[in-house]
Amino acid sequence: MAQLLTLVIADLRQRIRDKSVLIFAIGVPLGLMIALNFVIGGAMNQELQKATVAISVPENDQLGQALEEMLPQLGIDIEVTAADAEEVHELAESGDAKLGIIVPDGFTDAAIAAEPSQLDVIEGDGAGLESDVVLSAVQGYLDRVGAAANAAQAAGELGIQPDAIVQEVLSSQSAVSLTEGQASSEQLDPSGALVAGQAGLFLMFTVSFGVLALMEERQNGTLARLYSMPMPRMFPVLAKAISSFVLGVVATSVLLITGGLLFDVDFGSALVVAVLIVCAVLATTALTFIVARLAKTAEQANIIQTMLAMVLGIAGGAFVQFSASGVIGAILDLNPVAALVRGLGISSGGGGLSDVGAPVAIMLGFAVVAALIARLVPDRGARG
């Protein structure tokens, strides 16, 4: 074991001296996260601001008054100001109201008679997402009024008082409501998913340095000399795997901690996160054994590893979260990067070790299957 430890320490020293390892394992992903934080960080976590609405309703207009009473019940921070039509225009144009609504005279009578009627809407300075929410609610209300008008007209033909239909509209629930909720216990918010996905993607590249070093030593004859030394033949390869594992754990931990600070993401229990990182690194390190068996040269190993990293990283949600069902969904769930992101989502939602059992099982299972495949695949490099 002393010989194995010596090989691991020597390989780690060599990897640390190689600036490209630090650049691609930590520098590049951190730079990408920082760039994304500046470019889309604010847009990814938009919060609704206070909606200021000025509304003009004719006196004794039932439907207009019902609309005015509905607005404060939308479930968002909203300030409704009653004013006449001229003041609504002034408030919207000055920016004191982000949205102005003018209910025309005879709005209720027109609705009962199923005659055309139109609300005037003025978007003020600073109108944003919250104004769109209000407009959606208003449109939903108007849709109900239109449906009730058609029903009232039919009721009149049958001898039923149309006012009864209108009253039903006024007493029914609001067409649109909004309540603030939380993400699913297995789903990170967009910022958290970006950080976790990027960490998983670049983990694939980090562990690949061990494979590349192994290929280089095989090509320049160093590996043959190590095999001739009085130690188990598996030690040189195992040392590369262990050093890759250590680098992967350190780099992924740094990325998650730094990314969490940049994007204000809390991934939950440090113990749970540590277990997830170890399992993810085990899975990706096991995958490198297959690459080492398939590739004859360092160039081939780099190409294969890059392809695997991009496929698993992108499918796992390094940039965009994918959702699918059926066979495709089952395949995506077996992706170790996706399992890492899912596990971090559970941890972020307050889950413990028992709650992340499924993602952990997927990553460990992936590691076992990859190791078995590596044993069965002929070693092309050794024969080349």
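Select strand 1 (residues 51-56) and strand 3: they pair in the parallel sense, over 4 bridges. This is a predicted model. Now pick out Ile-55; its bridge partner in strand 3 is Ile-101.

Strand 4 runs antiparallel to strand 3, and 4 bridges join the two. Look for Ile-102, which stands opposite Asp-120 of strand 4.

Stay on strand 3 (residues 99-102) and show its side chains. Are its faces covered or open? Both are covered. Leu-99 and Ile-101 are buried on one side, and Gly-100 and Ile-102 are buried on the other. In a regular strand, side chains alternate between the two faces of the sheet.

Next, select helix 12, residues 298-315. Its 18 residues reach 25 Å from first C-alpha to last, close to the 26 Å expected at 1.5 Å a residue.

Color Ala-298, Ala-301, Gln-305, Ala-309, Leu-312 and Gly-313: these residues of helix 12 are buried. Why do they lie on the same side of helix 12? Because they cover an arc of only 95 degrees around the axis. An α-helix has 3.6 residues a turn, so residues three or four places apart point the same way.

Turn to the other side of helix 12. Glu-299, Ile-303, Met-307 and Val-311 are exposed there.

What do the buried residues of helix 12 pack against? Show helix 8 (190-220), helix 11 (270-294), helix 14 (336-348) and helix 15 (357-376); the buried residues pack against these.

Last stop: Gly-317. This glycine follows helix 12 and has a positive phi, near 100 degrees.

Technical notes
Residues are numbered from 1 along each chain as its sequence is written. This is a predicted model: local features need pLDDT of at least 70, side-chain atom pairs count only at pLDDT 80 or more; totals for chains, interfaces and linings use all residues. Side-chain values use heavy atoms; hydrogens and water are left out. The expected span of a helix is 1.5 Å times one less than its number of residues. Buried means under 20% relative accessible area, exposed over 50%, partly exposed in between (1.4 Å probe, protein chains only). The arc is that of the directions from the helix axis to the C-beta atoms. Contact means heavy atoms within 4.5 Å. Two strands pair if DSSP finds at least two bridges between them.
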